[in-house]
Structures are given as structure tokens and as C-alpha cells.
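Here's a quick briefing on a single chain.

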Amino acid sequence: MHIDVAFTPVETAPAPLGIVVDVIRATSTIAQALAAGYERVLCCAEIEEARALRAKLPSSLVGGERKAVRIEGFDVGASPREFLEARAETLILTTTNGTRTILTAAARCDVVLIGSLLNLSAVAGEARRAGGDVAIVCSGFKGAFALDDAYCAGRIVDALGGNGSDAAIAASVLAARWSSPLEGLNARTYGPPGLEADVEFCAQVDLLQTVPRLARMVGNAAEIVA
């Protein structure tokens, strides 16, 4: 198994299997929502796409954020703590970085898994069982490198084993810099205040056994199921 890490979505190279990471908060939220009983998450790049899907699926819930703030008129935001129990069969989600990165990976990877610290071992185990090369795709922050995603990517690299690219080795070295996941996530310098409780939630390792994966495209949205 060869492992590569794309620290930003634009760096994503085609691969048999991609693992998307937006640890604060989209991929953590998707894993939590599916673990709580949502049957699927429809990931949209744009706000209007999410609103259009909500109109077609009246039994769904629409959630999302821009700059970490809930989108006006949406049912929920994008905090994983909002999805401790299912309130609908379908969650429609759009976020600043993560849902767009999932769509990028969907176009470039044969299989797409959704990774976070919450489901670290489960995702790594699924990727090992699949065999073949793996690309870990960090969502970053507005197209730039994000330390929290790189930390999570390094933890996934370590869990996978295999032969790493220079970027994968760098992610692993970076992850070893901090003694706890919370320290690793809090080392980032971007992002608004007020996310402390979410960061603590997202820093939990192996809380979930759920492995979200891309099932298909529904129009312009990526359908993610467990």
C-alpha cells in the first residue's frame, strides 16, 4: 500500500481510494450523523443547491455553515453535537470546506471514505482491507494548508502503515509533535472563537465505528452512507 497526503484539495491526485478529512468539523459531523441513525448525508458545494434539495425532499434536514456560522434559514448548523440523534432519514449538508472537498475526491478517486479522529481506526481498517493505494485529502481552510487536518491525516497515516510519500511522512512527523489530539487540533491558528466544545468533541479518538463512504452522485450532491 502506498499512502499519499494532499494537504489541500487542489493537490489531490487520482487514487483507487481517497480518505477525506475536515476534522473541524464536516467529516466528524458526517460520521456522527450516520452513527446516530441518519440513513444518508447529501453533500453540496453551494447553499442554493442545498436549499433546492431540501425543497425536493421535505422529510429531510438541511444543515450547514459559512465561516462556522449556521446558514440563515437552515434547520441546523454543522456541529457534530447537533447530530447525537437522528431527526430525519436524510441530512443535506453544505460547509465552507469539507463538502466541497468530498466532491473533489469523488471526481478523482474510485472509492471515497470520510475520515476523522472519531472513526480513525474504523476508516483505517476499511482502507487496509481494500488494499491498493490511498490518498488522504485534507480540506484545509479556504484552499490553504490547515494544521488540524494535517494532524488528523498524520494519525491516519500512522494507523494505515504502508509506504508513505514525502507528504505522508511529513504528516506523520507533524502528528507526533503533540501529546494529545486536543493539543493537535488546538494548534491551528485560523478559525473563529466559540468552537471550543466542538473541537473537544472532534478530538475524541475511536468514539465511532462508522465508516461513511460515497455511494453515488445525486445531481451535483455526493450521497454519503455508512
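With 226 residues, the chain would have a radius of gyration near 17 Å if it were a compact globule, and its 16 Å agrees with that (taken over C-alpha atoms; the globule rule is 2.2 Å times the number of residues to the power 0.38). Keep in mind that this is a predicted model, where local features need pLDDT of at least 70, side-chain atom pairs count only at pLDDT 80 or more, and totals for chains, interfaces and linings use all residues. Residues are numbered from 1 along each chain as its sequence is written, and side-chain values use heavy atoms, with hydrogens and water left out.

**Overall fold**
- The chain has eight helices and eleven strands (DSSP runs numbered from the N terminus: helices are H or I with at least four residues, strands are E with at least two).
- Its C-alpha atoms fill a box of roughly 45 × 35 × 30 Å along the principal axes.
- Of the 226 residues, 54% are buried (buried is under 20% relative accessible area, exposed over 50%, partly exposed in between, with a 1.4 Å probe and protein chains only).
- Among contacts with a separation of 6 or more, 76% join residues 24 or more positions apart (contact means heavy atoms within 4.5 Å).

**Helices H5 and H6**
- The axes of H5 (residues 147-160) and H6 (residues 166-175) come within 7 Å and cross at roughly 105° (axes are lines fitted to C-alpha atoms, for helices over the stretch in contact, and angles run from 0 to 180 degrees between N-to-C directions).
- That makes H5 roughly perpendicular to H6 (65 to 115 degrees; under 35 is roughly parallel, over 145 roughly antiparallel, the rest oblique).
- Residues making the contact include Leu 147, Tyr 151 and Val 157 of H5, plus Ala 168, Ser 172 and Leu 174 of H6.
- By class, this contact has nine nonpolar, two polar and two charged residues (Ala, Val, Leu, Ile, Met, Phe, Trp, Tyr, Cys and Pro count as nonpolar, Asp, Glu, Lys and Arg as charged, and the others, Gly among them, as polar).

**Salt bridges**
- The structure holds ten salt bridges (a side-chain nitrogen of Lys or Arg within 4 Å of a carboxyl oxygen of Asp or Glu).
- One of them pairs Asp 198 with Arg 25 at 2.7 Å, N to O; Asp 198 sits in helix H8 (residues 196-202) and Arg 25 in the loop between strand S2 (15-21) and helix H1 (26-36), 173 residues apart.
- Both Asp 198 and Arg 25 are buried, and together with Arg 81 they are linked in a network of salt bridges.
- Glu 46 and Arg 100 meet at 3.4 Å, N to O; Glu 46 is in the loop between strand S3 (40-44) and helix H2 (47-56) and Arg 100 in helix H3 (residues 98-108), so the pair ties together parts 54 residues apart in sequence.
- Glu 46 is partly exposed at 38% relative accessibility, and Arg 100 is partly exposed at 35%.
- Glu 126 and Arg 129 meet at 3.1 Å, N to O, and being three residues apart in helix H4 (residues 120-130), they are separated by about one helical turn.
- Here Glu 126 is partly exposed at 22%, while Arg 129 counts as exposed at 63%.

**Buried spots**
- The buried residues of H4 are Leu 120, Ala 122, Val 123, Ala 124, Gly 125 and Ala 127, and their cover includes S2, strand S7 (109-115), strand S8 (134-138) and H5.
- Gln 32, in helix H1, counts as buried at 7% relative accessibility.
- Leaving out residues up to four places away in sequence, Gln 32 touches Pro 80, Phe 83, Leu 84, Phe 201, Leu 207 and Leu 208.
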